[in-house]
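Q: Can you walk me through this one? I'd like the overall layout, then the sheets, then the aromatics.

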Amino acid sequence: MSSSGLSDDWHLAGNASDFENEDVEQVWVGKLAVAVYKAKGQFYATQDVCTHEHAYLSDGVVVDCTIECPFHQGRFDVRDGRALGAPVIIPLRTFPVKVVDGRIYFQVKPDEIESIVAMLPQER
């Protein structure tokens, strides 16, 4: 159990006060890059690598609850990971998020990390 009172599979993403609406930040858990968003006043977390081609979504643009990939402008709903149109058709993996004492945490279980990373598009 961490000092936040959460189990060890909850990872600190940052201070809630550091995020403005439509912000996205990259956080690493081992080999897994996670994108943490603030959209319409709520926090969300997804895998950071686009499902179409290896690009970090945290380098993209958030508008309302949509993240646009910086490579080919594929768009995803950050709330549920849904792919919103070509060229992306595979949804993003999403992660539970909690705010505890003004800090943002997302949950990724250690045994999930390698299987998620193995399914992501690889860098060219």
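A: What follows goes through those topics in turn. Keep in mind that the model is predicted.

Q: How many helices and strands are in the chain?
A: The chain has 1 helix and 10 strands.

Q: What share of the residues counts as buried?
A: Of the 124 residues, 44% count as buried. The accessible surface of the chain is about 6900 Å², and carbon and sulfur atoms account for 46% of that.

Q: What about contacts? How many join residues at least 24 apart?
A: Taking contacts between residues at least 6 apart in sequence, 48% join residues at least 24 apart.

Q: On to the sheets. What is the strand order in the open sheet of 3 strands?
A: The order is S1-S10-S9, and the pairing is antiparallel. Strands S1 (10–15) and S9 (97–100) are at the edges with a single partner strand each, so one side of each has no neighbour in the sheet. From one strand to the next, the twist averages 30°.

Q: How many bridges join S1 to S10?
A: There are 5 bridges between S1 and S10 (residues 103–107), and the two strands run antiparallel. To place a residue in that pairing, Leu12 stands opposite Tyr105 in S10.

Q: Now the open sheet of 4 strands. Which order does that one have?
A: The order is S2-S3-S4-S8, with antiparallel pairing. S2 and S8 (94–95) are the edge strands, and each pairs on one side only.

Q: How many bridges do S2 and S3 pair over?
A: S2 and S3 (residues 32–39) pair over 7 bridges in the antiparallel sense. Within this sheet, Glu25 has Val36 of S3 opposite it.

Q: Changing topic: how many aromatic pairs does a search of the whole structure find?
A: The search finds 2 aromatic pairs. Phe19 and Phe43 form an edge-to-face pair, 5.6 Å centre to centre with 85° between the planes.

Q: Where in the chain do Phe19 and Phe43 sit?
A: Phe19 is in the loop between S1 and S2 (23–29), while Phe43 is in strand S4 (residues 42–47). The two are 24 residues apart, and the pair links distant parts of the chain.

Q: Are Phe19 and Phe43 buried or exposed?
A: Phe19 and Phe43 are both buried.

Q: What about Trp28 and Tyr56, how are they arranged?
A: Trp28 and Tyr56 also make an edge-to-face aromatic pair, at 6.1 Å centre to centre and 70° between the planes. Trp28 lies in strand S2 and Tyr56 in the loop between S4 and S5 (61–63), so the pair ties together parts 28 residues apart in sequence.

Q: Why does Trp28 count as partly exposed?
A: Because its relative accessibility is 44%, and the partly exposed class covers values between the 20% limit for buried and the 50% limit for exposed.

Q: And which class does Tyr56 fall in?
A: Tyr56 has a relative accessibility of 22%, so Tyr56 counts as partly exposed.

Technical notes:
Residues numbered from 1 in each chain as written. Predicted model: local features only at pLDDT ≥ 70, side-chain atom pairs only at ≥ 80, totals over all residues. Heavy atoms only, no water. Pairing = 2+ DSSP bridges. Axes fitted to C-alpha atoms, helices over the stretch in contact; angles between N-to-C directions. Phe/Tyr/Trp six-rings, centres within 6.5 Å; stacked < 30°, edge-to-face > 60°. Buried < 20%, exposed > 50% of the residue type's maximum accessible area, 1.4 Å probe, protein only. Contact = heavy atoms within 4.5 Å. Areas by Shrake-Rupley, 256 points an atom, 1.4 Å probe, with all protein chains shown as cover.
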